Amino acid sequence: MLRILVDRLLTTLPALAGVVVVCFLLTRVLPGDTAAYFAGPAATPQAIEQIRKELGLDRPVPEQFGRYVTELARGDLGQSLTTGQPVLADLKSRLPASAELTLFGLVLALVVALPLGILAAVKQGSLADHLCRIVATAGVSLPVFFTGLLLVYLFYFVLGWSPAPLGRLDSFASAPPTLTGFYLLDSLAAGEVETFRSALAQIALPGLTLAIFALAPIARITRASMLAVLGADFVRTARAAGLSGRKVVITYAFRNAVLPVVTTLGMVFSFLLGANVLVEKVFAWPGVGSYAVEALIASDYAPVQGFVLAMAILYIVLNLLIDLAYGLIDPRVGSAAA
Amino acid sequence: MSLAVQPAAAPAPRPPVEASGLRATLSHARHVVGDNPVTGFAFGLLLLLVACAILGPWIAPYDPLASDTSAALAPPSLAHPFGTDQLGRDILSRVIVAARLDLAIAVFSVILVFAAGGLAGVAAGFYGGWTDRIVGRVADTIMAFPLFVLAMGIVAALGNTVTNIVIATAIINFPLYARLARAEAAVRRNAGFVQAARLTGNTDARILLTSILPNIMPLMAVQMSLTMGYAILNAAGLSFIGLGVRPPTPEWGIMVAEGASFIVSGEWWIALFPGLALMLAVFCFNLIGDGLRDIVDPQRRT
């Protein structure tokens, strides 16, 4: 197991290197003159030259790259001009909000999509099958920010069930003591039922928006992969041996069908991390996505670059976890690699 | 697959083979459309979209930029079927006129990535070796990013213009095209018709362009249709967060963004109609892509 872990870690290195190089390139092709930009509009040519020296922009590109990598290794992503804080600190304080939202949406999507996909495959042509097809086609066509707005209109304005789409807690509640940074978990851990209710009410709509978005690929691949497995010989054998339909479907078929689903999760994460930005903007969610958007609008580039890099690294880590989960779910994968 | 290889048959009997291949494809297409009326519906929708994109300024009832503060925030009525926005601009006209920009962004980015990704992928599959490794590495690096986030980063870095939205959308779709083209070219690298072309003294470039590329075109066409929808969504998402298109230019994403702040006070029509247009456009291309795939590659049907 340890060896597999090390092997897997090594395979992420090229991706990591690629990400760092691309992020470096992105910082160096800033519109206009980077030094002039950092110096501000009222700077004299001397001041700009001074800043160019300070930033090392007068150095050859390989040296600049070396400097960039050293700064990264020290965790220095630069300063945000709007908040005046180091970008890393900003990202750290806002990441739990985004992570909670993304995971909430993903879990919601899985809870609905897996049974739906299985049902659609087991009972082809049934209501569940048609529902699955509609969900799969509509889900990929709906712009995520549009779904979010529709939900706000329906549940906030028309029905009045949901609080105003502004942040993680309503204005009267205070944040629970920080344990994980996830308000849902922290409030439960502290036994603050009111806070939990408030946090749940706030996260419900953005979470649902993300879930609708993630539902489509998961349901689609679950159905396809279940269909393939249900036609396999071992399922026929299990049925012939007189096992109950439930046991055949859940224990025999689903366990084997789950691998393609896990693979798809990698793609789903890629979509979710992007959709997160849009959903956070719609719901004024104080996560890293809205941080990057605010910085973008203010032409504050360091946070945007930090955000892109952080999301890429997060995505690599998630893919690594998915790879490892692969080995746990299907022991054959691990033994083949060793 | 057999369909795709047919045009490369010996030159003499080629016209009849192609004709019967074409006829088979057409009858297959008719079968698929008949079997799946949804595809026919999608083609109708496409015609409507293209008509709006080409004729937009002429069929729009009002000037999409003309504001009329006396009629601001009017709900849908006979005079303004989709209502008006906070400046009294007619939303129907803006939705119609926006079709051109939205489709243009998607079409240009898809053409760009088709040319770049298709050529790189075909070369990678055909030559293997270093070409393959470099193209593969570039594709892997792009795939290591969450794609929308990368697009944000690219537009932020290159500058906030529509051209850069097109470029960013093309870049994030590059791996899809490069990989597809690579796989298809690698399969055909040593196929009989390629060897025949080589034996008769054709250059590599000529073999790539006249023997291999035409054979993978059907699959690439499916890919183009499917990524059109994604490209529209992506561009709209970028303009929704304030990148690329600037107000008052009519564009669906930015119109939804403008309507977003009015949703909480109940003025639903400002965001709804451009959002619906966006959704229908994406839906249309996805359906056509699925339909085309059923024709070109029935085995991948799910």
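Among contacts in chain B between residues at least 6 apart in sequence, what percentage join residues at least 24 apart? It is 69%. Keep that in mind as we go through the two chains. One caution first: this is a predicted model.

Let's stay with chain B. It has 11 helices and zero strands. Read from the N terminus, the elements are α-α-α-α-α-α-α-α-α-α-α. The chain has 302 residues, and 50% of them are buried.

Now chain A. Here we have 14 helices, again with zero strands. Chain A has 338 residues, and 39% count as buried. Its C-alpha atoms fill a box of roughly 85 × 55 × 40 Å along the principal axes. Take the contacts in chain A with a separation of 6 or more. Residues 24 or more positions apart account for 68% of them.

Next, where the chains meet. The contact takes 43 residues from chain A and 38 residues from chain B. Which elements of chain A give two or more residues to the side that touches chain B? They are α1 (2-28), α6 (127-141), α7 (144-158), α9 (193-230), α11 (245-282), α12 (288-297) and α13 (301-329). Helix α13(A) gives the most, with eight residues.

On to the core. The largest nonpolar core has 184 residues. Those with the most contacts inside it come from chain A and chain B.

Have a look at B:Met152 in the structure. Leave out residues up to four places away in sequence. B:Met152 then touches A:Val277, A:Ala292 and A:Val308 in chain A. Within chain B, B:Met152 touches B:Leu238 and B:Leu243.

Now a helix pair inside chain B. Helix α7 covers residues 162-188, and helix α9 covers residues 204-240. They pack at an angle of about 155 degrees, with their axes 9 Å apart. Why call them roughly antiparallel? The cut-off is an angle over 145 degrees, so α7(B) and α9(B) are roughly antiparallel to each other. The crossing of α7(B) past α9(B) is right-handed.

Who is in that contact? From α7(B), the residues include B:Ile165, B:Leu176, B:Tyr177 and B:Leu180. From α9(B), they include B:Ile212, B:Ile216, B:Leu219 and B:Met220. Charged residues are there too, among them B:Glu184 and B:Arg188 in α7(B). The contact of α7(B) with α9(B) divides into 13 nonpolar, six polar and two charged residues.

One last stop, back in chain A. Find A:Ala284, in the loop between α11 and α12. Its phi is near 50 degrees, a positive value in a residue other than glycine. Is A:Ala284 buried, exposed or partly exposed? A:Ala284 has 13 other C-beta atoms within 10 Å. Buried takes 20 or more, and exposed means 12 or fewer. So A:Ala284 is partly exposed.

Note on methods
Residues numbered from 1 in each chain as written. Chains lettered and ligands numbered in written order. Predicted model: local features only at pLDDT ≥ 70, side-chain atom pairs only at ≥ 80, totals over all residues. Axes fitted to C-alpha atoms, helices over the stretch in contact; angles between N-to-C directions. Helix = DSSP H or I, 4+ residues; strand = E, 2+ residues; numbered from the N terminus. Parallel < 35°, antiparallel > 145°, perpendicular 65-115°, else oblique. Left-handed = near helix turned anticlockwise from the far one by under 90°. Contact = placed C-beta atoms within 7 Å. Core = buried A, V, L, I, M, F, W, Y, C linked by C-beta atoms within 7 Å.
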